[in-house]
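Good morning, colleagues. I would ask you to look at the sequence and the model together while I go through a few selected positions.

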Amino acid sequence: MSTTPSALAKAKWLKKVQWDEHGLVPVIAQEAGSNDVLMFAWMNREALAKTVELGEAVYWSRSRKKLWHKGEESGHVQKVLEIRLDCDEDVVLLKIEQAGGIACHTGRHSCFFQKFEGDALEGDWQNTEPVLKDPSDIYTPATVAKTKAKKPT
């Protein structure tokens, strides 16, 4: 499949997706088997087409303004088993197998490791999942510095 912009503009299945004003669609990565929601990200047309082509998750990084093949630095690739579009056709769900069991750049299984506990006035966010691997053991020092400066999107 050719994923050139002109070829993608003609792809019927991509036209069905309701892209936002920036040409993006929100994406939820859900682990097959456990059904854990591992992360949330964004895709543009090229990222979604590359995901289909490779069978691995490719996202659009809003902070870096470029395609981001999940696991390209960490090795924590997401093998895509199924792609779904919601009823409003404006959210994509990926059913994935998570390599290494770590989806979050913090070294946790899921990016959704903070749980709200308490009431509206005195409540706070509590970490509910352990760090499975120290990020400094996953990423190069330059990547860790960038991660601390600006969380990847």
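**Selected positions in a predicted model**

I begin with aspartate 88, which counts as exposed, its relative accessibility being 51%. The cut-off for that class is over 50%. Please keep in mind throughout that this is a predicted model.

Where does aspartate 88 lie? Its place is in the loop between strand 5 and strand 6. Aspartate 86 is found in the loop between strand 5 and strand 6 as well, and strand 6 covers residues 92-98. Aspartate 86 has a relative accessible area of 27%, so it is classed as partly exposed. For the record side, an unreviewed UniProt entry lists Asp86, Asp88 and Asp90 under "binding site". Such annotations may be inferred rather than shown by experiment.

The secondary structure comes to 5 helices and 8 strands. Read from the N terminus, the order of elements is α-α-β-β-α-β-β-β-β-β-β-α-α. The chain has 153 residues, of which 37% count as buried. Among the contacts with a separation of 6 or more, 46% are accounted for by residues 24 or more positions apart. As for the accessible surface, the chain comes to about 9,000 Å², and 52% of this belongs to carbon and sulfur atoms.

Is glutamine 78 buried or exposed? Glutamine 78 has a relative accessibility of 0% and therefore counts as buried. With which side chain does the side chain of glutamine 78 make a polar contact? The partner is the side chain of tyrosine 59, at 2.6 Å. Leaving aside residues up to four places away in sequence, glutamine 78 touches a number of residues, including Ala29, Met39, Gly55, Glu56 and Ala57. Lys70, Ile96, Glu97, Gln98 and Ala103 are also among the residues that glutamine 78 touches.

My last topic is the surface. Trp13, Val52 and Ile83 make a nonpolar surface patch of about 250 Å². Valine 52 is classed as partly exposed because its relative accessible area is 41%.

To close, I return to two of the positions. Glutamine 78 is buried, whereas aspartate 88 is exposed. Thank you for your attention.

Note on methods
Residues are numbered from 1 along each chain as its sequence is written. This is a predicted model: local features need pLDDT of at least 70, side-chain atom pairs count only at pLDDT 80 or more; totals for chains, interfaces and linings use all residues. Side-chain values use heavy atoms; hydrogens and water are left out. Helices (H or I, at least four residues) and strands (E, at least two) are DSSP runs, numbered from the N terminus. Buried means under 20% relative accessible area, exposed over 50%, partly exposed in between (1.4 Å probe, protein chains only). Contact means heavy atoms within 4.5 Å. Accessible areas come from the Shrake-Rupley method with a 1.4 Å probe; for residues, only the protein chains shown count as cover. A polar contact is a pair of N or O atoms within 3.5 Å; within protein, one must be able to donate a hydrogen and the other to accept it, and residues adjacent in sequence count only if both atoms are side-chain atoms. Patches are made of residues with over 30% relative accessible area and no salt bridge: like charges are joined within 9 Å, nonpolar side chains (Val, Leu, Ile, Met, Phe, Trp, Tyr) within 5 Å. A salt bridge is a side-chain nitrogen of Lys or Arg within 4 Å of a carboxyl oxygen of Asp or Glu.
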